[in-house]
Amino acid sequence: MAKASSKKPPDQPPPDPMPARVDPCLATLVDKPPQGQDWAFEVKWDGYRLAVHIESDRVRLITRGGYDWTDRFPSITAEAPRLKVKTAILDGEAVVLDEQGRSDFGMLQRALGRRPAAHEPGEIILYAFDLLYLDGCDLRRLPQRERRRLLEQVVSAGREGAIRLSEEVQAEGDQLLRVSCAHGLEGIIAKHREWPYRSGRRPDWLKITCTRRDSFVIVGFEPSTVPGAIGRLLLAARKGGELVYVGGCGTGWTREEAVKLRELLEEIQTDSPAVNLKRKGAVFAEPFLVAEIEYRAWTDDGKLRHPSFKAIRERADDAMIYEMK
């Protein structure tokens, strides 16, 4: 009788530890979509960046700035355990969609607000666009195309519910950008298929927007002719460690929002402007609030061209203040 083999099966490698937090990969703004087969394209969503940590005994939703906002997104938190995984980290964007299926940041903010609103937290959905960890394997070292393949096994195309797939669009970048802009979308994202996931702002991911959109510090306002409202926000960017004035913004809000903005700014009114600016009738404020502004371009003297107010970002969202070169 042949003796049983005494060889031991090869040792299985230990599982990769699950990161407590992953700093996200941030897209670099460029003017034109890249060319070539190495690039994948998606719609650019307008919401809150979230990492969904599905652990053995809990779910955590972590913002770009590292804050735990699990309780603020109950629909996404409830949906995560239904995915067929033991442990995972999804990278995605929490959004609210309008009637045309476009993400709307203002609607999202109202859904997250504490006061009664037309939109409820249950309307918030997550569009997942990357998979960083899966069942004991750290996937960040894999190329984007392989992470994408695994993501589509976890969140299938066409899946309904609070967690959905941000689908890649099979089109040339220039064509997709034209269509996106024509439909009122914010823009597109391009991702290099062969590169791993790297935290920070990298050329691995590129964003091409229909209009530019950045965050600026509110340093004051000019009163409106409408009693109790604002006429223009006074905005500043960072330059060399200081704040510099980049112009005023007088559009983009409702009358109710204009009154609320004035109330907020009057609470932090100051006699010492945060920027070197003298303007008759202006009311200056401590530089505590950040406005998200959409604009066309910059003037030759460093002012925003055709700015429009979109929202106030919470500091907990780690809003990136525009840095002038």
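Visitor: Is Y295 buried or exposed?

Guide: A residue counts as buried when its relative accessible area is under 20%. In this predicted model, Y295 has a relative accessible area of 1%, so Y295 is buried. F216 is buried too, at 0%.

Visitor: Which aromatic pair does F216 form with W298?

Guide: Planes over 60 degrees apart count as edge-to-face. F216 and W298 have 65° between their planes and lie 6.1 Å apart, centre to centre, so the pair is edge-to-face. F216 belongs to strand β11 and W298 to strand β16, so this pair ties together parts 82 residues apart in sequence. W298 has a relative accessible area of 18%, so W298 also counts as buried.

Visitor: How many aromatic pairs does the structure hold?

Guide: There are 13. One of them joins F216 and Y295, edge-to-face, with 6.0 Å between centres and 70° between planes. Since F216 is in strand β11 and Y295 in strand β15, that pair ties together parts 79 residues apart in sequence. Elsewhere, ring pairs link Y48, W69, F73 and F105 into a cluster.

Visitor: Why is helix α2 described as largely enclosed?

Guide: In an α-helix there are 3.6 residues a turn, so residues three or four places apart point the same way. Helix α2 spans residues 105-112, and six of its eight residues are buried, so the rest of the structure largely encloses it. F105 and L108 are among the buried ones. Strands β11 and β15 are among the elements that the buried residues of α2 pack against.

Visitor: What caps the N-terminal end of α2?

Guide: D104 does, with a side-chain oxygen 2.9 Å from the backbone nitrogen of M107.

Terms used. Residues are numbered from 1 along each chain as its sequence is written. This is a predicted model: local features need pLDDT of at least 70, side-chain atom pairs count only at pLDDT 80 or more; totals for chains, interfaces and linings use all residues. Side-chain values use heavy atoms; hydrogens and water are left out. Buried means under 20% relative accessible area, exposed over 50%, partly exposed in between (1.4 Å probe, protein chains only). Helices (H or I, at least four residues) and strands (E, at least two) are DSSP runs, numbered from the N terminus. Contact means heavy atoms within 4.5 Å. A polar contact is a pair of N or O atoms within 3.5 Å; within protein, one must be able to donate a hydrogen and the other to accept it, and residues adjacent in sequence count only if both atoms are side-chain atoms. Rings of Phe, Tyr and Trp (its six-membered ring) pair if their centres lie within 6.5 Å; planes under 30 degrees apart count as stacked, over 60 as edge-to-face and the rest as tilted.
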